[in-house]
Amino acid sequence: MSHLENLQNWLSTNGYQIGYISDFKNIQYYTGFSSDPVERTLALLVFADQEPFIFAPALEVEAVKEVGWKYPVYGYLDHEDPYEIIKAQVLQRNQYPVKWAIEKGNLNVSRFEQLQQKFPQAKFEGNLTPVIEQERLIKTPDEIEKLKIAGKWADFAFKVGFDALSTKRTEQDVVAEIEYALKKKGITHTSFDTIVQGGTNAAEPHGAPKTDLIQPNKLVLFDLGVIYQGYISDASRTVAFGEIDQKTKDIYQVCLEAQLTAQAAAKPGMKASQLDKIARDIIDKAGFGKYFIHRLGHGMGQSEHEFPSIMEGNDMELQPGMCFSIEPGIYIPGVAGVRIEDCVHVTADGVEPFTHTSKELQVLPVK
């Protein structure tokens with residue numbers, strides 16, 4: 001049964017006539033069509049007993065057809081009222097569309113109010129957000145295979161980045177080298193903006209690469225990933241560019257122990273909160289607990305941050321097919337930042353990573 005059929009069955013079973021999907025990543029999941037509409041309206045309307053349709057900006061209609069979407073697609077011009085066109089198409093399929101389910105975690109207030117104006121008798125009581133989260137939670141073998149290939153390209157990107165380190169290059173220069181090499185190989189999109197941070201810059205976990213030259217005898221943090229056929233990779237490595245002092249080595253080794261121990265311990269039946277605690281306890285015991293300032297991990301698949309969070313307070317049990325990151329970090333302002341991350345998929349008795357670049361401290365020659 002397809003993902004779309006599963007959603008139709010959920011609507012029917014729960015007594016909803018229409019499901020309105022507004023998150024463009026979820027539209028991609030159900031249809032294969034990928035596009036961020038920015039300020040324009042893009043929606044997937046799914047019916048319990050009728051064929052679905054995609055509603056898109058006119059300039060995207062042909063692109064929808066090219067992905068093999070076998071159901072109707074309707075477009076609108078910028079000067080037109082998109083919700084009036086949606087209304088007309090809905091009423092052709094159901095003259096009394098009262099019971100709706102929407103993505104309450106995504107649909108913004110302005111667009112929700114426009115739907116309400118067009119369908120004043122409707123009750124938008126159903127919440128598709130947790131339904132879709134659960135649907136996307138367990139990856140199929142085909143999805144996992146695509147994630148593995150995306151992981152291989154992340155490993156390629158790490159090698160390019162490590163080789164590009166030079167005292168004559170800035171952090172932004174190294175990012176450019178990585179992304180240019182990927183594009184030459186046919187990988188046109190990264191999962192997110194590639195991060196390269198040297199020295200104390202890495203103490204800002206989500207900081208942007210700067211125009212600072214790469215400094216010798218410092219750590220350099222890489223966080224990167226690519227998109228392969230709609231599926232992403234996401235991994236972090238921290239390397240030494242030249243020799244580093246013992247304190248910095250100690251920080252690295254604690255973070256490495258936390259990552260390796262958590263990854264080795266992860267298995268079906270374990271709670272997400274337990275996995276977070278395994279890594280956090282190691283960092284706490286070493287005296288760096290206050291510098292580990294984010295969750296251990298997040299779900300991933302078609303998006304770099306998906307449901308669920310691997311963190312304290314989440315007692316969801318790990319299941320085969322779940323995919324998520326394991327990424328402890330230690331960020332000491334003015335000193336150093338370390339993050340080591342693999343994304344993994346849960347197997348019958350453990351987890352397997354999508355990336356395989358060594359996590360042992362690599363000391364790269366200064367040049």
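Which residue of E18 does His345 stand opposite? His345 stands opposite Glu352, and the views below show that pair along with some other spots. The model is predicted, so to speak of local features we need pLDDT of at least 70, and side-chain atom pairs count only at pLDDT 80 or more, while totals for chains, interfaces and linings use all residues. Residues are numbered from 1 along each chain as its sequence is written, and side-chain values use heavy atoms, with hydrogens and water left out.

View 1. Strand E17 covers residues 342–346; strands (E, at least two residues) and helices (H or I, at least four) are DSSP runs, numbered from the N terminus. Five of its five residues are buried, so E17 is largely enclosed by the rest of the structure. Buried means under 20% relative accessible area, exposed is over 50%, and partly exposed is in between (1.4 Å probe, protein chains only). On one side sit Asp342, Val344 and Val346, with Cys343 and His345 on the other. Strand E14 (residues 323–326) runs antiparallel to E17, joined by four bridges; strands pair if DSSP finds at least two bridges between them. Here His345 is the bridge partner of Cys323. E17 also pairs with strand E18 (residues 351–353), again in the antiparallel sense, over three bridges, and a hairpin of four residues links E17 to E18.

**View 2. Helices H7 and H8.** Helix H7 (residues 141–164) packs against H8 at about 140 degrees, with axes 9 Å apart. Axes are lines fitted to C-alpha atoms, for helices over the stretch in contact, and angles run from 0 to 180 degrees between N-to-C directions. That angle makes H7 oblique to H8 (under 35 degrees is roughly parallel, over 145 roughly antiparallel, 65 to 115 roughly perpendicular, and the rest oblique).

**View 3. Ser35 in its loop.** Look for Ser35 between helix H2 (24–31) and strand E2 (43–47). Ser35 counts as buried because its relative accessibility is 11%. Not counting residues up to four places away in sequence, Ser35 touches Phe24, Leu42 and Glu60.

Methods. Contact means heavy atoms within 4.5 Å.
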